[in-house]
Amino acid sequence: LQLHSCDLSANNLTQITHGPGNKIDASWSACGNYIVYTRCEGSREQIAVYNCMTNTEKILTPEHQQCGYPSWSAPFLQLY
């Protein structure tokens, strides 16, 4: 499974990620420049981030740890 972007107004589907591993549980950053997701390859699950400006992937978690379900936090969340 790879990540795709869908432009509904142009009825266009674009593949974003390529390469090994299934990409699941994706979440866009607030600025829209990054996508964080779980990368599953064999029995390994790692958190990865994709930079849409440079088209590069970076694995964030160690290979020996099983990690999944990433999400972004609100950077300026204030509690009243």
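Which residue takes a positive phi in the hairpin of β5 and β6? In this predicted model, that residue is Asn-55, with a phi near 55°. The hairpin has four residues between its strands. Asn-55 lies in the loop between β5 and β6. Its phi is positive although the residue is not glycine. Most residues other than glycine have a negative phi. Asn-55 is also exposed, because its relative accessible area is 54% and the cut-off for exposure is over 50%.

Tyr-69 is a further residue of this kind. It has a positive phi of about 60° and is not a glycine. Tyr-69 is found in the segment after β6. With a relative accessible area of 70%, Tyr-69 counts as exposed.

The strands next to be described form an open sheet. Four strands take part, in the order β3-β4-β5-β6, and their pairing is antiparallel. The edges of the sheet are β3, residues 22-28, and β6, residues 56-59. Each of these edge strands pairs on one side only. From one strand to the next, the twist averages 30°.

Strands β3 and β4 run antiparallel and are joined by five bridges. Asn-22 has Cys-40, in β4, as its bridge partner.

Attention now turns to the nonpolar residues. The largest nonpolar core has six residues in all. Its members are Leu-3, Ile-16, Ile-35, Tyr-37, Ala-48 and Tyr-50. Two strands of the sheet contribute to this core: β4 and β5, residues 44-51, each supply at least two of its residues.

Is Arg-39 buried or exposed? Arg-39 counts as buried, because its relative accessibility is 12% and the cut-off for burial is under 20%. Its side chain has two polar partners to report. One is the backbone oxygen of Pro-20, which the side chain of Arg-39 reaches at 3.4 Å. The other is the side chain of Glu-41, joined to that of Arg-39 by a polar contact of 3.0 Å.

The surroundings of Arg-39 extend beyond these partners. With neighbours within four places in sequence left aside, Arg-39 is in contact with Pro-20, Gly-21 and Asn-22, among others. Further contacts of Arg-39 include Arg-44, Glu-45, Gln-46 and Ala-48. Glu-57 and Ile-59 are also in contact with Arg-39. Among these residues, Asn-22 is the bridge partner of Cys-40, and Ala-48 belongs to the largest nonpolar core.

Ser-27 gives a view from strand β3, in which it lies. Which residues does Ser-27 contact, leaving aside its neighbours within four places in sequence? They are Tyr-34, Ile-35, Val-36, Pro-70, Ser-71 and Trp-72. One of them, Ile-35, is a member of the largest nonpolar core.

How values were computed. Residues numbered from 1 in each chain as written. Predicted model: local features only at pLDDT ≥ 70, side-chain atom pairs only at ≥ 80, totals over all residues. Heavy atoms only, no water. Buried < 20%, exposed > 50% of the residue type's maximum accessible area, 1.4 Å probe, protein only. Polar contact = N/O pair within 3.5 Å; in protein donor to acceptor, adjacent residues only side chain to side chain. Contact = heavy atoms within 4.5 Å. Pairing = 2+ DSSP bridges. Axes fitted to C-alpha atoms, helices over the stretch in contact; angles between N-to-C directions. Core = buried A, V, L, I, M, F, W, Y, C linked by side-chain atoms within 4.5 Å.
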